[in-house]
Amino acid sequence: MAISQRDSSHDYKTPLLQNDVEAAAVLDFKHSSSFSGGWRSAAFIIGVGCAERFAFYGVSSNLVTFLSGPLGESTATAAENVNTWSGTASLLPLLGAVVADSFLGRYRTIVFSSLLYILGLGLLSFSAKLPSLTGSDCGNSSQLTSCYSQLQVIFFYFSLYLVAVGQGGNKPCIQAFGADQFDGQDPVESKAKSSFFNWWYFGICSGSLCTRLISSYIQDNFSWVLGFGIPCIVMALGLFVFLSGTRTYRYSVEGDGKSPYARIAKVFVAAFKNWRTTPSEPLANLPHQSSEKYKFLNKALLPDSDLKDYNKICTVSEVEEAKVVLSLFPIWSTCLVYAIVLAQMSTFFTKQGATLEREIVAGLEIPAASLQSFTSLIIILSIPIYERVFVPMASAFTGKPSGITTLQRIGVGIFLAALSMIAAALVEMKRLETAQEYALVDMPHVTIPMGVWWLIPQYLLIGVSDVFSMVGLQEFFYDQVPNELRSVGVALYLSIFGVGNFLSSFLISAIEEATSGVGRVSWFSNNLNRAHLDYFYWLLAGLSVVELGVFTYFAKSYRYK
């Protein structure tokens, strides 16, 4: 990271208002670290991350209930639409990261996207109010009939996807901006940066836990308008917290003024042009040759008659930079099944829990979507244990400050996710047996006499899996990309879950098509007592085992930056 000195007594200019601010506002790590950056700045950023997750999960956690209730969609259609929206929300950070790294900078992207986020949440709350303004009755949400007109449905989805766009700019930048507050070249701050990813995840899981307990209960028992409105208010408070820390932040700068995307693209274009070119000397003998992987990119170093401008000729460092980015994709692709597994928590896990006894005490029944709070609670409890107990113990054996490598951490999480699918399949088999035992197979709206606590093992395993894989993926993709592509690194991590949600939606559609029809009962029948979610869970468990094997193969050969 390029740095410049600036006396702490000087007045700060607001980054939002100055084009070259990110160059002017970068503080010298050695002389001003006590004034800027570090945990004080990170606290503001973790706070807004907590608020953003409260807002996002305030919408997503119970969305399948809204779609299959007031909007009148079938179980399979609602699950597909939730997965499609979640997938879009997870892929849009790639666009947000490009905008941040190439044009606006992280700070301004966070501010502008947060404003868009708040607008989307406000419109979403208003869209939930529309049927009552037109005299429609949404009181009966158990039938597959919509109380929304076609125009109101369009407005609802427009608001929903506006939230996804706002999240797409906010999510990759806020986490990368938080990690930027620590100097990776300083031994103390480098260790603090690794710890930041744990506490960052602790903060955002605290936000998701609160919203799953509060928003879901309000949505199921009081009002969808208020249930969507509260996340809007919390997101506005989060933006206020973020702006409050403006004078304490460290701001990154561009290294040489060239777009990192242009540099990387130039390498691939040059390598393609020189594909059949025979070098005058063996490439292996070229000076400063530092990597033997992806040798086809080495041909980008050969002179091209079309490249008359010397500045257009690729350098060794540019080629190596392209190789680093390319080497991430085997890891990225072998985590997609893990993302498909996580997609079930907000869809079929919720529908599964809605059929069980959820009464805690007399007169108090927890919403099905609130069951996801068990996962957040497990994460919140596990991260301090991981940080204070597991890491020191593992470090004593491995000699590594972080205990285990990031790829080892991700692998453990994938293994635990496979176990969660096995647990989910066994519990679903028990649920179907209980429905048959009490002759409730053809009474889908009657609660099955089986406690919702049976679902805790699958939620618990998902939670512990997140502590390993989610945090590991965040740190891995942030650290392994070139410095100027840190926002893109976070976006790549998020895109795993975007593509995973789309794959989950495709898988559901394909299985729905294959298993439904005349005389057949779909695995995802609206009557879950006749459906076979257990088959689906077993399929995901098998795919997870295969994924773990392929991931292990690529992880063993991966060379850290």
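Helices are DSSP runs of H or I with at least four residues, numbered from the N terminus, and the expected span of a helix is 1.5 Å times one less than its number of residues. This is a predicted model, in which local features need pLDDT of at least 70, side-chain atom pairs count only at pLDDT 80 or more, and totals for chains, interfaces and linings use all residues. Residues are numbered from 1 along each chain as its sequence is written, and side-chain values use heavy atoms, without hydrogens or water.

Helix H11 (residues 316-333) comprises 18 residues and reaches 27 Å from its first C-alpha to its last, close to the expected 26 Å. Its buried residues (under 20% relative accessible area, 1.4 Å probe, protein chains only) include Glu-318, Lys-323, Pro-330 and Trp-332.

The nonpolar cores are sets of buried Ala, Val, Leu, Ile, Met, Phe, Trp, Tyr and Cys residues joined through side-chain atoms within 4.5 Å.

| Core | Residues | Among its members |
|---|---|---|
| Largest | 113 residues | Phe-242, Leu-473, Phe-477 |
| Second, separate | 30 residues | Ala-55, Ala-128, Trp-224 |

Beyond four places in sequence, the contacts of Phe-242 (heavy atoms within 4.5 Å) include Ile-45, Tyr-107, Phe-177 and Tyr-249.

The structure also holds 1 cavity of 30 Å³ or more. A cavity is a set of points on a 1 Å grid over the protein atoms alone where a 1.4 Å probe fits but cannot get out; lining residues have an atom within 4 Å of a point. Of the 31 lining residues, Arg-53, Phe-56, Tyr-57, Leu-342 and Met-470 are the closest to the centre of the largest cavity. Helix H8 gives the largest share of this lining, 5 residues.

Definitions and conventions
1 Å grid on protein atoms, 1.4 Å probe; cavity = no way out; pocket = protein on both sides within 12 Å on 5 of 7 lines; lining within 4 Å. Points joined across faces, edges and corners; volume = space filled by probe spheres on them. Helix = DSSP H or I, 4+ residues; strand = E, 2+ residues; numbered from the N terminus. Buried < 20%, exposed > 50% of the residue type's maximum accessible area, 1.4 Å probe, protein only.
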